[in-house]
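Have the sequence and the 3D view ready as you read.

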Amino acid sequence: MKDSVNRTPEGIKIHNPGDFAGMHKAGRLVAETLDMVTDEVKPGVSTAHIDKLIETFIYDHGATSATIGYRGYQHASCISLNHVVCHGIPSEKTLRDGDILNIDVTAILDGWYGDTSRMYVAGESNKKSERLINVTHDALMRAIAAVKPGNHFGDLGHAIQSFAEGQRCSVVRDFCGHGLGRVFHDAPNVLHYGKPGTGPMIRAGMFFTIEPMVNLGRAGTKILADGWTAVTRDRSLSAQFEHSIGVTDTGCEIFTLSPKGLFHPLKSGDAV
Ligand code: MF3
Ligand code: CO
Ligand code: CO
């Protein structure tokens, strides 16, 4: 069947019920990858070392990295420290006590893409970074709770924006979530801000990521000279969580749940 037959007028692909299994496998693998590095995220360890562990784990499990070779990117993960918003490049720089970091992994397993990121703390956290991590995580989970057929993408953006701004934080507007499936970045752009009832309608069979970036300061970002690293303009702390999800008749399934319950770094043991 022609691919376009299964797309909405906005170009959003509607997958078959049988496609969920492949996404669950790919999503589980990237979630396991993030679980695997948990004990390695500590002061003195380089982000390049963590990236190598990630690359090895992905290939050892019969998958490939979606980011190696993507638009010239050369690593199996993005590792974004402190005021880095996203797309931080792994390097020989070592973690320091109190650093907060997002690790983002995308892998391809049997043709399906799994994409997830979560926050980690190296050593001891502090109240300020804990608050940002909690707000960002809760913003994502509120958006996921609003995913069901008949709702609109603007409802998700609104859930994130209204909550984060109500907590005196700001939502980054320069990057968004995305459709995925047998491709990395597909329609729609999933905005992390918006108004209720606006944007495309959500329908069963849609697969997409939600990946809000929330700052303690202002929302503005800039890209460093390396062409990748996005930082907050005001150098305030930034956090991000990302899940890949699929819309069902009644709500959604999260493909990237942590098998070990480690998604939230300060609440390990929780199912999210
Ligand atoms: N994983 C990121 C996302 O959530 C994209 C990273 S692209 C890279 O969409 F090239 F920077 F790795
Ligand atoms: Co993504
Ligand atoms: Co990602």
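Start with a rule for sorting residues. Ala, Val, Leu, Ile, Met, Phe, Trp, Tyr, Cys and Pro count as nonpolar; Asp, Glu, Lys and Arg count as charged; the others, Gly among them, count as polar. Keep in mind that this is a predicted model.

**The largest pocket**

Rolling a probe the size of a water molecule over the atoms shows where empty space is left. The largest pocket has a volume of about 540 Å³. Its lining is made of 25 residues. Nearest the centre of this pocket lie Tyr-70, His-87, Phe-175, His-185 and Trp-228. Sorted by class, the lining has 10 nonpolar, 9 polar and 6 charged residues.

**The ligand**

Around ligand 1 stand 14 residues. The closest are Asp-104, His-178, His-185, Glu-211 and Glu-242. This shell has 5 nonpolar, 5 polar and 4 charged residues.

Some side chains make polar contacts with ligand 1. The table lists three of them, each between an N or O atom of the side chain and an atom of the ligand.

| Side chain | Atom of ligand 1 | Distance |
|---|---|---|
| Asp-104 | nitrogen | 3.0 Å |
| Asp-115 | oxygen | 3.1 Å |
| Glu-242 | oxygen | 3.0 Å |

How much of ligand 1 does the protein bury? Taken alone, ligand 1 exposes 340 Å², and the protein buries 96% of that.

**The second largest pocket**

The second largest pocket holds about 270 Å³ of space. It is lined by 14 residues. Ile-79, Leu-81, Val-84, Ser-91 and Lys-93 lie nearest the centre of this second pocket. Here the lining divides into 4 nonpolar, 7 polar and 3 charged residues.

**Two points in the backbone**

Now look at the chain itself. Which residues does a cis peptide bond join? The pair is Ala-187 and Pro-188, with omega at about 0°.

His-87 sits in the loop between strand S3 (84-86) and S4. It is also one of the residues nearest the centre of the largest pocket.

Notes:
Residues are numbered from 1 along each chain as its sequence is written. Chains are lettered from A and ligands numbered from 1 in the order in which they are written. This is a predicted model: local features need pLDDT of at least 70, side-chain atom pairs count only at pLDDT 80 or more; totals for chains, interfaces and linings use all residues. Side-chain values use heavy atoms; hydrogens and water are left out. On a 1 Å grid over the protein atoms alone, a cavity is a set of points where a 1.4 Å probe fits but cannot get out, and a pocket is an open set with protein on both sides within 12 Å along at least five of seven lines; lining residues have an atom within 4 Å of a point. Grid points are joined across faces, edges and corners, and a volume is the space filled by probe spheres set on the points. A residue is near a molecule or strand if one of its heavy atoms lies within 4 Å of it. A polar contact is a pair of N or O atoms within 3.5 Å; within protein, one must be able to donate a hydrogen and the other to accept it, and residues adjacent in sequence count only if both atoms are side-chain atoms. Accessible areas come from the Shrake-Rupley method with a 1.4 Å probe; for residues, only the protein chains shown count as cover. Helices (H or I, at least four residues) and strands (E, at least two) are DSSP runs, numbered from the N terminus.
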